[in-house]
Amino acid sequence: MISTSVHVEHVRIPGQQDIAGQVFPLVLRCTTISPAWDAIDAWIGTHRDELSQQASEYGAILFRDFPLTTPEDFDAFIAAFEFENFPYEESLSNAVRVNKTPRVFTANEAPADVKIFLHHEMAQTPIYPSKLMFFCEQPAEIGGATPLCRSDLLWEKLAEKYPEFAANCREKGLKYSNVMPPENDPASGMGRSWKSTLRAETKSDAERRLGNIGYSWEWEDGDCLRATTPVLPAVYRLPDGRETFFNQLIAAHQGWKDLRNDPSRSITFGDGTFLDDEAVRYAAQIGDELSYPVPWQRGDVALIDNFVTMHGRQVFTGTRKVLASLIK
Ligand code: FE2
């Protein structure tokens, strides 16, 4: 029988972290059997502001046992929040993705054996989403968890151990450089073509777009395009005063590697000086130590505050269908 009301409980799940008396992530479980869609819609409507606030305070919320099975269900779940969509085609993301609905797309088409390192979504570009949502349509057979890491904690530890590096991050900011192919290369975690990334048909369209957003560029063999960002911040101050390591330093330094890209050329401080390798390795190490790998179950949804929490992807075997949506 379909229920016209919804009951949601805070629950604990194995491995969930306690950070200064606060759980991470917050887990909300729907305990109503077969709730009507209207009831879910009404529940989200009533709690919209509170949920948005909790996502920022806790860093992430995992919604479990809500009756979602298809990309369309996920789309409707997001729509109930009335968040403003951040369309993939407008983004400068370097991942190859496939849209399922106007606001829902595959998280990354990169092969199963490619690890995606911790990052804040699109922090390597001047335009980034404030939040993102993931939906597990089908968990992998083995692996494929999405590690989540509270970036304010990472920053605290990093700044304590490497104060000079932290001062450079704050004062100089970062510049990223990557090489894009002319056509999408789904074999790479960063294989999105310059034509798609820049919504450009020709080289001169691409150059115009890059100029408008303050990038510099060089053309390389095979019509590949090396694009270098303007100086972007490495640290973000949240409205409540917390600071986060809001950048793509770990991912760029460790993972921006494919046939076209060499991680040693992918990132520098804003003045062009090189990063201290030891501090970067430490950032990656504490990122791993602080991560909570979300053990996906079918139908799970995660709401992540992009300014507070980093995410990545573990390697996996079998078919894994995790969809994503970005919020302005
Ligand atoms: Fe991402």
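A residue counts as buried under 20% relative accessible area, as exposed over 50%, and as partly exposed in between (1.4 Å probe, protein chains only). This is a predicted model, in which local features need pLDDT of at least 70 and side-chain atom pairs count only at pLDDT 80 or more, while totals for chains, interfaces and linings use all residues. Residues are numbered from 1 along each chain as its sequence is written, and side-chain values use heavy atoms, with hydrogens and water left out.

**View A. The iron site, with H119, E121 and H311 as its donors.** The iron ion is coordinated by NE2 of H119, OE of E121 and NE2 of H311, at 2.1 to 2.2 Å. Donors are N, O and S atoms within 2.8 Å of the metal (3.2 Å for Na, K and Ca); water is not among the atoms, so sites may look incomplete. Along the sequence, the donor residues follow the spacing H-x1-E-x189-H. E121 sits in the loop between strand 8 (116-119) and strand 9 (131-138) and H311 in strand 20 (residues 309-313), so this pair ties together parts that are 190 residues apart in sequence. Helices (H or I, at least four residues) and strands (E, at least two) are DSSP runs, numbered from the N terminus. E121 is buried because its relative accessibility is 4%, and H311 is buried too, with a relative accessible area of 4%.

**View B. Helix 3 packed with helix 8.** Helix 3 (residues 151-161) and helix 8 (residues 277-290) pack at about 145 degrees, and their axes are 10 Å apart. Axes are lines fitted to C-alpha atoms, for helices over the stretch in contact, and angles run from 0 to 180 degrees between N-to-C directions. From helix 3, L153, L154, K157, L158 and K161 meet A279, Y282, A283, I286, G287 and L290 of helix 8 (contact means heavy atoms within 4.5 Å). The residues of this contact divide into 8 nonpolar, 1 polar and 2 charged. Here Ala, Val, Leu, Ile, Met, Phe, Trp, Tyr, Cys and Pro count as nonpolar, Asp, Glu, Lys and Arg as charged, and the others, Gly among them, as polar.

**View C. Salt bridge between R242 and D152.** The closest N and O atoms of R242 and D152 are 3.1 Å apart. A salt bridge is a side-chain nitrogen of Lys or Arg within 4 Å of a carboxyl oxygen of Asp or Glu, and by this rule the count comes to 19. D152 is buried, at 6% relative accessible area. R150, D152, D240 and R242 are linked in a network of salt bridges.

**View D. Salt bridge between D223 and K203.** The side chains of D223 and K203 meet at 2.8 Å, N to O. D223 is in the loop between strand 13 (216-220) and strand 14 (224-228), and K203 is in helix 6 (residues 203-212). D223 is partly exposed at 39% relative accessibility, and K203 is partly exposed with a relative accessible area of 33%.

**View E. Backbone features at P25, A20 and M122.** Most residues other than glycine have a negative phi, and most peptide bonds are trans. F24 and P25 are joined by a cis peptide bond, with omega about -10 degrees. A20 has a positive phi of about 50 degrees and is exposed, at 83%. M122 has a positive phi near 60 degrees, but M122 is buried, at 1% relative accessibility.
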